[in-house]
Amino acid sequence: MTILRKAAAALSAAAAVLIAIPPTASATPAPHDAYGKTFVRENFNHLPLGPVTRGRGWTTDAAGGTLTVEPSTDGRGRELRIRTEGNGRAFVVLPDLAPPGNSFWARVRLRVAVFPTAPLWAHWTLAEASGSDSPTLVRPLGGQYAPTDKGNFWGVGSDLGPTGDWTAWKTSAPAVADTWQCVEFHLDATDNRVTVYFDGVEQPDLTVSTKNHGGTADDFVFPTFDKLKLGWQLYQAGPTPSSYEMRMDDIAVSSRRVGGCGT
């Protein structure tokens with residue numbers, strides 16, 4: 001009986017300790033908490049096959065282009081097919097962003113079927129961030145056909161702001177067609193810095209910032225971001241080839257790096 005009374009007392013003491021611990025003390029953070037504030041996640045798996053104009057937390061913007069949900073090329077799940085004619089455009093639009101500190105991370109898996117070979121210096125964009133308080137368009141992911149180096153090269157760019165229209169493409173970052181890549185970019189307002197990562201590896205040659213960019217001598221300054229567009233636009237008329245196609249999947253936009261691009 002003495003042993004039983006001691007056991008009961010021990011159980012009672014343990015229960016008292018458990019009751020005293022707040023219910024959340026040992027709770028595992030939800031996945032989105034681990035990444036900070038997540039604004040949008042989209043893998044297209046919950047959407048019906050066929051043309052699409054909107055999803056959860058996003059809309060579209062297209063002229064001379066289409067967006068279609070199709071089975072994934074690897075046979076698992078679904079992905080977004082973007083197709084444009086000439087210098088058309090087709091984008092997923094993430095509106096009403098309000099990133100803390102005006103800074104955010106984005107991740108997307110993508111494959112561009114082919115890049116332009118004409119006209120000379122053909123310029124293309126895959127991501128564009130903007131804000132209603134400024135005309136500046138920040139293009140953290142894009143590039144250009146450089147005939148001097150006989151290829152297309154990735155570059156960060158901007159337009160309509162005090163630094164003008166520029167794309168800081170680098171020959172160290174060739175754009176390879178028909179190849180899946182996991183791309184991340186970080187827009188950090190503390191130094192108006194754009195950092196790009198391919199398959200989890202930082203591309204320091206592509207980094208731009210307040211004083212280090214490809215435009216005029218003026219400072220490069222972010223707008224107050226409230227919109228991000230992901231997709232495809234080529235700006236010159238009559239390009240070669242005459243149409244373009246890309247695939248996108250696994251979009252995430254967050255206040256912290258989401259990851260998932262490790263080699």
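This is a predicted model: local features need pLDDT of at least 70, side-chain atom pairs count only at pLDDT 80 or more; totals for chains, interfaces and linings use all residues.
User: Is Asn-87 buried, partly exposed or exposed, and which strand holds Asn-87?
Analyst: Asn-87 belongs to the run of residues 78-95, which is strand S5. The relative accessibility of Asn-87 is 36%. Buried means under 20% and exposed means over 50%, so the class of Asn-87 is partly exposed.

User: What distance separates the C-alpha atoms of Asn-87 and Gln-233?
Analyst: Along the chain, Asn-87 and Gln-233 are 146 residues apart.

User: The backbone oxygen of which residue lies 3.5 Å from a polar atom of the side chain of Asn-87?
Analyst: Leaving aside residues up to four places away in sequence, Asn-87 touches Leu-234, Tyr-235, Gln-236, Ala-237 and Pro-239. A polar atom of the Asn-87 side chain has a backbone oxygen 3.5 Å away, and that oxygen belongs to Tyr-235.

User: What is the volume of the largest cavity?
Analyst: The structure has one cavity that reaches 30 Å³ or more. The volume of the largest cavity is about 30 Å³.

User: Which elements give two or more residues to the lining of the largest cavity?
Analyst: The lining includes Gly-142, Trp-154, Val-196 and Leu-206. Two or more lining residues come from each of strand S8 (134-146), strand S9 (151-161) and strand S12 (193-198).

User: How many residues of the lining of the largest cavity are nonpolar, polar and charged?
Analyst: Among the lining residues are Pro-140, Leu-141, Gly-155, Val-156 and Phe-198. Gly counts as polar, whereas Pro, Leu, Val and Phe count as nonpolar. The whole lining divides into seven nonpolar, two polar and no charged.

Methods: Residues are numbered from 1 along each chain as its sequence is written. Side-chain values use heavy atoms; hydrogens and water are left out. Helices (H or I, at least four residues) and strands (E, at least two) are DSSP runs, numbered from the N terminus. Buried means under 20% relative accessible area, exposed over 50%, partly exposed in between (1.4 Å probe, protein chains only). Contact means heavy atoms within 4.5 Å. A polar contact is a pair of N or O atoms within 3.5 Å; within protein, one must be able to donate a hydrogen and the other to accept it, and residues adjacent in sequence count only if both atoms are side-chain atoms. On a 1 Å grid over the protein atoms alone, a cavity is a set of points where a 1.4 Å probe fits but cannot get out, and a pocket is an open set with protein on both sides within 12 Å along at least five of seven lines; lining residues have an atom within 4 Å of a point. Grid points are joined across faces, edges and corners, and a volume is the space filled by probe spheres set on the points.
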